[in-house]
Amino acid sequence: MVRHGLLPLFLGLLLAPRAGMAQATALERLNALFAGGVELRIDQAQRLIVDVRDASGRYRQDVVALASIDPESIRFSWEEDAVIMGCRPDQERCFRTELFKQSSVRRTGRCNLPRPLEDDGGRATVEALQALLAEHAALAAETRTPDGRMK
């Protein structure tokens with residue numbers, strides 16, 4: 001069994017050969033920060049899928065359209081010891097949260113992510129999440145014509 005302390009080292013070794021060729025994407029940086037406790041991915045519909053795990057496995061999944069997240073809402077909450085993401089003002093409940101142990105699904109206006117152990121104060125996580133949204137916005141702008149149609 002791999003200890004969580006070794007996982008960041010392992011991920012670093014996997015990403016190191018690529019570092020000379022190109023910088024790691026924001027998504028890769030986020031997954032390295034969370035070291036397996038939280039896994040983020042983007043599906044074909046440009047939704048962010050967030051799987052949150054504990055000692056017994058995956059217990060929560062949040063799904064949100066990347067375009068629905070308000071980059072200005074991303075912050076660290078000292079009270080919750082978590083990184084918070086919120087919806088854009090015109091999309092009140094953009095997060096779909098499924099709690100597996102409770103067999104429940106709910107819509108909510110925010111998502112809280114446990115702070116990665118190595119990120120005291122959550123600053124690196126907040127910056128990586130904001131970079132992820134900026135990367136997505138840049139990619140979306142590249143794939144659309146000035147009138148909003150796909151290229």
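Leaving aside its neighbours within four places in sequence, which residues is I69 in contact with?

Reply: This is a predicted model, in which local features need pLDDT of at least 70 and side-chain atom pairs count only at pLDDT 80 or more, while totals for chains, interfaces and linings use all residues. Residues are numbered from 1 along each chain as its sequence is written, and side-chain values use heavy atoms, with hydrogens and water left out.

I69 is in contact (heavy atoms within 4.5 Å) with L48, V64, I74, M85, G86, R88, F95 and L133, neighbours within four places in sequence left aside.

I69 also belongs to the largest nonpolar core, which has 26 residues. Such a core is a set of buried Ala, Val, Leu, Ile, Met, Phe, Trp, Tyr and Cys residues joined through side-chain atoms within 4.5 Å. Buried means under 20% relative accessible area, exposed over 50%, partly exposed in between (1.4 Å probe, protein chains only). L40, L48, I69 and M85 have the most contacts inside this core.

Which elements supply it with at least two residues each? They are helix 2, strand 1, strand 2 (47-54), strand 4 (69-77), strand 5 (82-87), strand 8 and helix 3. Helices (H or I, at least four residues) and strands (E, at least two) are DSSP runs, numbered from the N terminus. Helix 3 gives the most, with five residues.

Now helix 2 (residues 26-34). Its residues A26, L27, L30 and F34 are buried. They lie on the same side of helix 2, because they cover an arc of only 100 degrees around the axis; the arc is taken from the directions from the helix axis to the C-beta atoms. An α-helix has 3.6 residues a turn, so residues three or four places apart point the same way. The cover over these buried residues includes strand 1 (38-42), strand 8 (110-114) and helix 3 (123-142). A35 follows helix 2, and its phi is positive, near 50 degrees.

Strand 1 leads on to the sheet. Five strands form an open, antiparallel sheet in the order 1-2-3-6-7. Two strands pair if DSSP finds at least two bridges between them. Strand 1 and strand 7 are at the edges with a single partner strand each, so one side of each has no neighbour in the sheet. Inside the sheet, strand 3 (residues 57-65) and strand 6 (residues 95-99) pair in the antiparallel sense over four bridges. R60 stands opposite L99 in strand 6.

Strand 7 (residues 104-108) holds T108. T108 is buried, at a relative accessible area of 17%. T108 touches C87, E92, R93, C94, F95 and T97, not counting residues up to four places away in sequence.
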